[in-house]
Amino acid sequence: MAADLEVVNLFIIAGGTLAIPILAFVASFLLWPSALIKVYYWYWRRTLGLQVRYADCGGYRFCYAYRGKPGMRPSIIMLHGFSAHKDTWLSVVKYLPKHLHIVCVDMPGHEGTTRTNTEDYSIQGQVKRIHQFVETIRLNRKPFHVVGTSMGGNVAGVYAACYPKEICSMTLICPDGIRHPCETKFDNHLQDLEHSNYTLNIPLIPTTPEEMEDMFRLCSHVRFKIPQQILQGLVDVRQPHNTFYEEVFMEIVGEPSRYALQEHLHLITAPLQVIWGKKDQVVDVSGAAVIAEVLPGCRVDLLENCGHSVVMERPCRTAKLILEFIILQQDTRGGTKKSY
């Protein structure tokens, strides 16, 4: 009998111990989903071995996550898209070798990087800031590989054109900044915004769970089933930054940023890889042909059943394509097979 009581007590203690984190999770999910999302990213970075660091330069602070150390192989810097953050790349980093030196930086004004009222958030202004970051952490001691998606792809391409000696190769994923010949659903939204003098809601800046869901439908061909509480949490995380996002949006859709990448394509000398979702409703896939026409030596990979959010919809495939391209460029330069 005493032994049975001990077992019962053990189960009660164990149950009570487990109940605390379970209740905390449920409470966070129902009451503070935004906090749960932040913990999720923190846990995922920790699991993948990424560390968050800050780089200060002249009163300006950059926030970035990194893994690995510079070595014989080129370092990789990853530039996220509009209103995103460094953790956008976690799903891709998961499939890249752990010994590669990878740097994911918060773009100017985004997440943990300094935001000022006098900052130039045009594509050219962001290129200057990213170059400042690269110099601050001394990433350009040897040529590196740059990856950019959407707005980050526009920045990456202009960066490669402005600082060609620093780039050994590059990957642009559904890059903005191209005069694509075919219109998209987002182009129609943009025309409506312009006609309304930007009084309508911007589809890429959701303010409600419903608008957040609409944004996912616009950016992703794959239909993700996201609980309402998580959608609310994502809105809560973004809400304090919406005024800033509006400022950046007006900069990148205005002159001279809107077609900055296309205007700099002829200056790009580094080997170029383009990855694009065939079902992109934000920046039409026809932009890949525009790039290939100016830079016929570039590699183009078009992904079936994939939209604008390539890194979210096809992370494993994206990582594999990037790695294959880097290996190919290194083998071409060195003439020998390198193990990755």
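Against which helices do the buried residues of H6 pack?

I began there, after noting the ground rules. The model is predicted, with local features needing pLDDT of at least 70 and side-chain atom pairs counting only at pLDDT 80 or more, while totals for chains, interfaces and linings use all residues. Residues are numbered from 1 along each chain as its sequence is written, and side-chain values use heavy atoms, with hydrogens and water left out.

**Entry: H6**

I looked up helix H6, residues 185-195, and found Phe 186, Asp 187, Leu 190 and Leu 193 as its buried residues (buried means under 20% relative accessible area, exposed over 50%, partly exposed in between, with a 1.4 Å probe and protein chains only). Helices here are DSSP runs of H or I with at least four residues, numbered from the N terminus. Seen down the axis of H6, the buried residues fall within an arc of 115 degrees, so they line one face of the helix; the arc is that of the directions from the helix axis to the C-beta atoms. They pack against H7 and helix H9 (242-253), contact meaning heavy atoms within 4.5 Å. Just after H6, I noted a positive phi of about 60 degrees at Asn 197.

**Entry: Ser 220**

I next went to Ser 220, in the loop between helix H7 (209-219) and helix H8 (228-238). Ser 220 is buried, at a relative accessible area of 1%. Not counting residues up to four places away in sequence, Ser 220 touches Ser 309, Met 312 and Glu 313. I also checked His 308: it lies 88 residues from Ser 220 in sequence, and 5.8 Å separate the two, C-alpha to C-alpha. The side chain of Ser 220 reaches the backbone oxygen of Val 222 at 2.7 Å.

**Entry: H4 and H5**

I then took helix H4 (residues 123-136) with helix H5 (residues 151-162): their axes come within 9 Å and cross at roughly 70 degrees. Axes are lines fitted to C-alpha atoms, for helices over the stretch in contact, and angles run from 0 to 180 degrees between N-to-C directions. H4 is therefore roughly perpendicular to H5 (65 to 115 degrees). I listed the contact residues, including Ile 123, Val 127 and Ile 130 of H4 and Met 151, Val 155 and Tyr 159 of H5.

**Entry: Gln 329**

Last, I looked up Gln 329, in helix H13 (residues 315-334). Gln 329 is buried, with a relative accessible area of 12%. Leaving aside neighbours within four places in sequence, I found Gln 329 in contact with Ser 169 and Pro 271.

Terms used: Helices (H or I, at least four residues) and strands (E, at least two) are DSSP runs, numbered from the N terminus. Angles under 35 degrees count as roughly parallel, over 145 as roughly antiparallel, 65 to 115 as roughly perpendicular and the rest as oblique. A polar contact is a pair of N or O atoms within 3.5 Å; within protein, one must be able to donate a hydrogen and the other to accept it, and residues adjacent in sequence count only if both atoms are side-chain atoms.
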